[in-house]
Amino acid sequence: MSSDPELSDEPVVEDARDFAGVPDDTQRLWTPHRMAYIGGENKPEDPHDDQQCPFCAAPQRSDEEALIVHRGERAYVILNLYPYNAGHLLVCPFRHVSDYTDLDEAEVLEVAELTRTAMRVIRAVSRPAGFNLGMNQGEVAGAGIAAHLHQHVVPRWPGDANFLPIVARTKAVPILLADTRRLYADAWP
């Protein structure tokens with residue numbers, strides 16, 4: 001066995017947190033963003049503290065840095081940092097609220113309208129065959145950040161659930177998040 005890692009028979013384990021969202025010039029089938037998410041990356045210690053909440057912090061940064069596609073008056077649209085599919089958007093109220101029934105009428109209307117516009121923009125840019133829309137209310141329902149409501153807008157294509165999720169529990173996302181954000185932001189009416 002060689003002491004040179006390049007020649008070693010032992011696999012080299014790379015820390016996924018070092019690569020999430022970073023362009024890579026090698027040909028790999030991997031999704032480090034999902035491992036970072038599974039490992040708890042970017043999750044607040046106290047989910048009810050709006051100072052720690054990533055959905056409260058994102059609007060404080062630039063659109064490019066935060067991956068925000070559009071800002072409304074009461075809600076905004078952001079790329080999911082840990083997407084289920086390429087182009088996966090989230091519609092979030094600016095207000096730190098956890099339950100859909102706690103939104104006021106203006107917030108409900110804007111979240112709904114931004115969701116509709118997000119679907120139109122994704123169709124114009126990416127031409128999906130369908131969508132999954134939804135909100136996971138509470139951790140038990142699958143919400144990664146349960147303390148801040150967010151609507152998922154997930155584009156779907158025929159065959160997008162291929163062998164990778166079944167065999168390797170991996171999803172190949174073919175476009176960088178920054179590139180997707182730019183395309184969607186440019187197409188937003």
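This is a predicted model: local features need pLDDT of at least 70, side-chain atom pairs count only at pLDDT 80 or more; totals for chains, interfaces and linings use all residues.
**Entry 1: the sheet**

I started with E1 and E2, which run antiparallel and are joined by three bridges. My labels come from DSSP runs numbered from the N terminus: helices are H or I runs of at least four residues, strands are E runs of at least two.

Then I followed the whole sheet. Five strands form an open sheet in the order E1-E2-E3-E5-E4, with antiparallel pairing. Two strands count as paired if DSSP finds at least two bridges between them. E1 and E4 (130–134) are the edge strands, each pairing on one side only. The twist averages 20° from one strand to the next. H4 packs on the sheet and touches E1, E2, E3, E4 and E5, and its direction makes about 20° with that of E5. For such angles, axes are lines fitted to C-alpha atoms (for helices, over the stretch in contact), and the angles run from 0 to 180 degrees between N-to-C directions.

**Entry 2: confidence**

I checked pLDDT, the predictor's confidence in each residue, from 0 to 100. The protein has a mean of 80, and 67% of its residues reach 70 or more. Among the elements, E1 has the highest mean pLDDT (98) and helix H5 (residues 163–168) the lowest (49).

**Entry 3: strand E3**

How many of the residues of E3 are buried? I found five of its five. Buried means under 20% relative accessible area, exposed means over 50%, and partly exposed is in between (1.4 Å probe, protein chains only). In a regular strand the side chains alternate between the two faces of the sheet. Both faces are covered in E3: I put Leu89, Val91 and Pro93 on one side, Leu90 and Cys92 on the other.

E3 has five bridges to E2, running antiparallel, and Ile78 has Leu90 as its bridge partner in E3. With E5 (residues 151–156), E3 pairs over three bridges, also in the antiparallel sense. Val91 has Gln151 as its bridge partner in E5.

**Entry 4: the core**

Which of its 29 residues touch the most other members? They are Ile78, Leu89 and Val153. H4 gives the most to this core, with six residues. In soluble globular proteins, nonpolar side chains tend to be buried together.

**Entry 5: the loop between E2 and E3**

His88 sits in the loop between E2 (75–79) and E3 (89–93). Why does His88 count as buried? Because its relative accessibility is 0%. Its side chain makes a polar contact of 2.8 Å with that of His152; a polar contact is a pair of N or O atoms within 3.5 Å, and within protein one must be able to donate a hydrogen and the other to accept it, with residues adjacent in sequence counting only if both atoms are side-chain atoms. Leaving aside neighbours within four places in sequence, the contacts of His88 (heavy atoms within 4.5 Å) include Ile78, Pro83 and Val154.

Asn85 is in this loop between E2 and E3 too. I found Asn85 buried, with a relative accessible area of 5%. A polar atom of the Asn85 side chain lies 2.8 Å from the backbone oxygen of Pro155.

How values were computed:
Residues are numbered from 1 along each chain as its sequence is written. Side-chain values use heavy atoms; hydrogens and water are left out. A nonpolar core is a set of buried Ala, Val, Leu, Ile, Met, Phe, Trp, Tyr and Cys residues joined through side-chain atoms within 4.5 Å.
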